[in-house]
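Hello,

Here is the structure I promised to pass on. Please open it first, then read my notes below.

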Amino acid sequence: MRTAYSVADVRAAERELMAHLPEGALMQRAAAGLAAVCVRLLSAARGVYGSRVVLLVGSGDNGGDALYAGARLARRGAAVGAVLLSPERAHARGLAALRAAGGTVVDGAERAVARADLVVDGIVGIGGRGGLRPRAAQLAALAAESAPVVAVDLPSGVDADTGEVAGEAVRADVTVTFGAYKPGLLIDPARERAGVVHHVDIGLAPAAEPAAEALQHAEVARLLPVPSAESDKYRRGVVGVVAGSARYPGAAVLAVAGALRGGAGAVRYVGPAAGEVLARFPETLVHAGPPHRAGRVQAWVIGPGIGDEADAVDDVLAAEVPVLVDADGLRFLTPERVRARTAGTLLTPHAGEAAALLGTDRAEVEAGRLRAVRELAARFGATALLKGSTTLVADATGPVRTNPTGTGWLATAGSGDVLSGVTGSLLAAGLTPRDAASAGAYLHGLAARFAAGPDGAPVTAMQVAGRLAAAWRDVGRREPRPAGAAR
């Protein structure tokens, strides 16, 4: 699992560690890791010896990391030049080390950056707020057009704690982060600017709870339900799906497609698209409604394509089982109605739907995704899954979870209906809303990658549903537990 910590908690861990180390030892560890990544990048291109490396150096320790790493590269034969954006505040010992190793301070910054084989971003550290100043922004834009860019700890100009980008920021190809991931490296829009992230262990051990976390294959595998020898379709869980309408029958088909591949033993469909559903999936149990008359279920999914069926939403919310609300169903929610429920509730909006629930605009949600998902969970007393370029899951029990899988090709009509189906099925199989949302998003994103192929290609929502089984197999199972076992 990738765990990310706030700037305050990272700083506290650094102070604790530095109290037991010789002066400067922590920076040397960081510089050694940074230099090693730069060596690998240069070696894969033209080699280290004779390569042109430009350091964009701000004030403080971030610039010091870059300078010390530059000294290591210079000793290996690279031509290393430092652009000092605040000469009077540059890290003195790091600058001295660079010069002693044969590096130089660059006068013609634009020319040096334009001719560089590698640019190291050491402008602003994790404590920076707001966008880059004009001179730094100009050089960062030129670097992005000229050479691979390696960011020190995180791209300068992004907010380490939130992933927000308030102005101009560095766009890195690689980010080398030290000691612990920062939330901004896992959450867009900052994540998209970080490129490939390399974590360098420098001995930090933050004592606080992580601010964010990203599950990996092993954690998801332990969540997935595995039937035992005694299982039948009812013990494995039955998920009810209320979706579709005369105008949008496809939403019902796609939600059921996801649900059938999500681990539950059976799917009950309630709605006007029973004919279309049965034509594609004859194993589905169908009912004309209302939902409470359809038969026993362990979880409900409601919302995709239902139009104005407010009564169906009220019916499902009255059930004493977990409920996932998506798409059209979100329009009929109030915080008071959701908070009154005794069973878990999972809301799965995209940015526009989240904005409507929060009484703000879509742009504000997109710019501050972490803040938005936390506010949704707090206001409604529910688990919130905020879909988008970084899918986030939040509730009141722990760190916000970020989903590391997916592809831009997943931005296609109906993909959210498939996600609702698979996630609802995991709810019915016994996962908590937090775990069902996390595992469902992970499988959904992985299935989209498989559908798009190694070189990337457009996909349809049904193709994503069709690759869910392959994603499930790829995740693998460690320490399997029977469906419905205690968690």
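**Around Ser-156**

Leaving aside neighbours within four places in sequence, Ser-156 is in contact with Asp-121, Ile-123, Val-124, Leu-132, Ala-169 and Val-170. Keep in mind that this is a predicted model. Ser-156 sits in the loop between β6 (149-152) and β7 (174-178). Its side chain reaches the backbone nitrogen of Val-124 at 2.9 Å. Is Ser-156 buried or exposed? Buried means under 20% relative accessible area. Ser-156 has 1% relative accessibility, so it counts as buried.

**The UniProt site**

An unreviewed UniProt entry lists Asn-62, Asp-121 and Ser-156 under "binding site". These residues span 95 residues in sequence, yet no two of their C-alpha atoms are more than 9.7 Å apart, so they gather at one spot.

Now look at Asp-121. It lies in strand β5 (residues 118-122). Asp-121 is buried, with a relative accessible area of 0%. Beyond its neighbours within four places in sequence, Asp-121 is in contact with several residues, including Asn-62, Ser-156, Leu-56 and Val-170.

**The sheet**

Which order do the strands take in the open sheet? The 7 strands run β4-β3-β2-β5-β6-β7-β8, with parallel pairing. The edge strands are β4 (104-105) and β8 (196-200), and each pairs on one side only. Strands β2 (residues 52-57) and β3 (residues 79-84) pair in the parallel sense over 6 bridges.

Best wishes

Methods:
Residues numbered from 1 in each chain as written. Predicted model: local features only at pLDDT ≥ 70, side-chain atom pairs only at ≥ 80, totals over all residues. Heavy atoms only, no water. Pairing = 2+ DSSP bridges. Helix = DSSP H or I, 4+ residues; strand = E, 2+ residues; numbered from the N terminus. UniProt positions renumbered as here; feature names shortened; annotations may be inferred. Buried < 20%, exposed > 50% of the residue type's maximum accessible area, 1.4 Å probe, protein only. Contact = heavy atoms within 4.5 Å. Polar contact = N/O pair within 3.5 Å; in protein donor to acceptor, adjacent residues only side chain to side chain.
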